Amino acid sequence: NVVMNILLYTWYRTGSRSLGDWLSQELDIEYHHEPFNTHNPKNLEKYANFNLDKIKNCIVKISPHDNFDFVDIVNKFDKTIILYRNNIREQSESFIWSKHKKIYHHHYAGEKFIYAYYTIDENFLKEHSIEIDNEVDRLKIENEYFASLNTGLLLSYEDLYFSEVGLSKMEKYLDIKFKTKLNPINKLRNGFVKKSIT
């Protein structure tokens, strides 16, 4: 078994949930998805007593908007993966869509399993164009911030889900050989359809 604490530092709609779940299985260590996300009532309850000073052998996703000083948190981890998206237009569309629809990931509603695969129609994009454009502007600044951190592994969504470059980079950085590949079937938008990157 791998023994290390891994920080997954990223914004939303970057494929972090699929990456965290997959890495957790590959490395046989626990994954904590957004333990400090105050907008998620289930997380607040689940992680009420979560303490970064006491973590042991796990992966933790933290967003810049969780209001931690990056220098303070990065020192609590052995490895840091900073995940971002090159295509911030699609990231913005995805974020605004999920915010309005309140659907983020596959989940159970009682005993019924709800899939989170989705498409976004043109009417939605037109109706929310200003909100989407504002998010694009914000994400430009976010990506510049990620690039300025100069620590850990800077990894793009596109490298993970449209090529095997991302896996190769992670293998080298974590000094491990993965047993499986990160399956692009986990992409939520447009289901299994591979989109062109612009």
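Which residue follows H6, and is its phi positive or negative? Asn150 follows H6, with a positive phi near 50°.

## Basis

This is a predicted model: local features need pLDDT of at least 70, side-chain atom pairs count only at pLDDT 80 or more, and totals for chains, interfaces and linings use all residues. Numbering runs from 1 along each chain as its sequence is written, and side-chain values use heavy atoms, without hydrogens or water.

## Helix H6

H6 spans residues 129–148. Helices are DSSP runs of H or I with at least four residues, strands are runs of E with at least two, and both are numbered from the N terminus. From first C-alpha to last, the 20 residues of H6 reach 29 Å, close to the 28 Å expected at 1.5 Å a residue. The expected span is 1.5 Å times one less than the number of residues.

Ile132, Glu135, Val136, Leu139, Glu142, Asn143 and Phe146 are the buried residues of H6. They cover an arc of only 130° around the axis, so they lie on the same side of H6. The arc is taken from the directions from the helix axis to the C-beta atoms. Ile130, Ile141 and Glu144 are exposed on the other side. Buried means under 20% relative accessible area, exposed over 50%, and partly exposed in between (1.4 Å probe, protein chains only). Cover for the buried residues includes strands S1 (6–10), S4 (79–84) and S7 (153–156), plus helices H4 (88–101) and H5 (122–127).

## Asn37

Asn37 sits in the loop between strand S2 (30–32) and helix H2 (41–46). Asn37 counts as buried because its relative accessibility is 9%. Leaving out residues up to four places away in sequence, Asn37 touches Tyr12, Asn43, Leu44 and Asp66. Contact means heavy atoms within 4.5 Å.
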